[in-house]
Every structure is written in structure tokens, then in C-alpha cells.
Amino acid sequence: MADNVRELRPKPADSEKITINLGYVDLGHVDLMVREGFYSNRSDFIRTAIRNQLERHADVVKQSAVRKGLDLGLRNFSREDLEAARRAGEMLHINVLGLASIAQDVTPELARATIASVSVLGALHASPAVKAALADRTR
């Protein structure tokens with residue numbers, strides 16, 4: 001039976017939930033588009049609208065990301081990465097557009113000893129203790 005099950009649309013592996021406020025008329029238009037079958041639900045409409053705007057401005061976003069020295073996409077920082085930076089006497093400057101993830105086994109002390117600054121446009125995943133330790137270095 002499980003061989004017959006296929007995922008129609010894969011769920012994104014990493015996503016962040018956001019909340020938006022819409023006027024009643026705009027919301028009504030969205031609901032009408034859903035009811036007419038153009039979109040499966042409100043979230044599908046909103047995701048599509050956001051992707052269309054990002055695609056429309058893709059060149060400007062790319063140029064800005066390059067100018068600001070941002071890593072695009074998913075960037076993981078393991079305990080081993082940070083320990084190697086400490087051994088080399090280097091301080092990391094985390095600049096990410098997307099998702100920056102600091103491993104759960106990274107201690108606040110190691111993070112403070114190896115991370116000079118954190119700038120993330122998107123989401124930062126780290127333990128609450130590491131986030132607190134880097135609060136004064138996060139923009």
C-alpha cells in the first residue's frame with residue numbers, strides 16, 4: 001500500500017512561519033482566487049505572490065547580496081568548524097541571506113570565542129543560550 005503513495009508537492013525542509021495583516025478586501029480577493037481553484041489555499045497564494053516578487057527583483061537582490069558579502073542559502077556552523085577557527089586564531093563573521101544554523105552542541109563560550117558578528121537576513125537557528133551569548137554581536 002505504501003508503494004502507491006506519492007508526494008504531490010514536497011514540503012520545504014526548512015521554513016519559517018510568518019504572520020501578515022491584510023485588509024478585508026485583499027483577503028476577500030485571496031479567498032476568491034482559492035475558491036475559484038487558482039490556488040489550493042491562502043498560504044499557497046501568498047507563497048506564490050512572494051516568489052513572483054522575488055523573481056521580479058532577482059537581479060537587484062543578487063547585486064546587493066554580492067555587495068554585502070552575504071552567503072546565500074543554508075549555512076551550517078558545526079562545533080568542529082568553530083573549534084578549527086579557534087585553533088587558527090580566527091574570528092568568524094557570519095553574513096547569511098537564508099538560514100544560518102549553529103549546531104546544538106556549540107557552547108555559548110565557544111560561540112563567543114569564535115564568532116565576531118552575526119548578520120542574518122532570514123533565520124538563525126541556534127540554542128537559546130548561544131543566541132543570548134551572541135546577542136551583542138547580532139545585527
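**Entry 1: getting my bearings**

Helices (H or I, at least four residues) and strands (E, at least two) are DSSP runs, numbered from the N terminus. With that in hand, I looked up serine 101 and found its place in strand S2.

A note to myself before going on: this is a predicted model, where local features need pLDDT of at least 70 and side-chain atom pairs count only at pLDDT 80 or more, while totals for chains, interfaces and linings use all residues. Residues are numbered from 1 along each chain as its sequence is written, and side-chain values use heavy atoms, with hydrogens and water left out.

Next I checked the overall layout. The protein has 6 helices and 3 strands, and reading along the sequence I get the pattern α-α-α-β-α-β-α-β-α.

I call a residue buried under 20% relative accessible area, exposed over 50%, and partly exposed in between (1.4 Å probe, protein chains only). Of the 139 residues, 23% count as buried.

For contacts I took heavy atoms within 4.5 Å. Among contacts between residues at least 6 apart in sequence, 55% join residues at least 24 apart.

**Entry 2: back to serine 101**

Is serine 101 buried or exposed? I found serine 101 buried, because its relative accessible area is 18%. Not counting residues up to four places away in sequence, serine 101 touches Arg75, Asn76, Phe77 and His125.

**Entry 3: the nonpolar core**

I looked for nonpolar cores, meaning sets of buried Ala, Val, Leu, Ile, Met, Phe, Trp, Tyr and Cys residues joined through side-chain atoms within 4.5 Å. The largest has 16 residues, and the ones touching the most other members are Ile94, Ile102, Val106, Ile115, Val118, Val130 and Leu134. At least two residues of this core come from each of strand S2 (92–102), helix H5 (108–114) and strand S3 (115–125).

I followed up on valine 130. Setting aside its neighbours within four places in sequence, I see valine 130 in contact with Ile102, Val106, Thr107, Pro108 and Ala111.

**Entry 4: salt bridges**

Side chains of opposite charge can pair when their charged atoms come close. I counted a salt bridge when a side-chain nitrogen of Lys or Arg lies within 4 Å of a carboxyl oxygen of Asp or Glu. How many salt bridges does the structure hold? The structure holds 6 salt bridges.

One of them joins the side chains of aspartate 71 and arginine 75, at 3.7 Å from N to O. Aspartate 71 is partly exposed at 37% relative accessibility, and arginine 75 is partly exposed at 33%.

**Entry 5: an aromatic pair**

I let rings of Phe, Tyr and Trp (its six-membered ring) pair if their centres lie within 6.5 Å; planes under 30 degrees apart count as stacked, over 60 as edge-to-face and the rest as tilted. Searching the whole structure, I found 1 aromatic pair. Tyrosine 39 and phenylalanine 45 form this edge-to-face pair, 5.0 Å centre to centre with 85° between the planes.

Phenylalanine 45 lies in helix H2 (residues 42–56) and is partly exposed, with a relative accessible area of 22%. Leaving aside neighbours within four places in sequence, phenylalanine 45 is in contact with Val30, Met33 and Tyr39.
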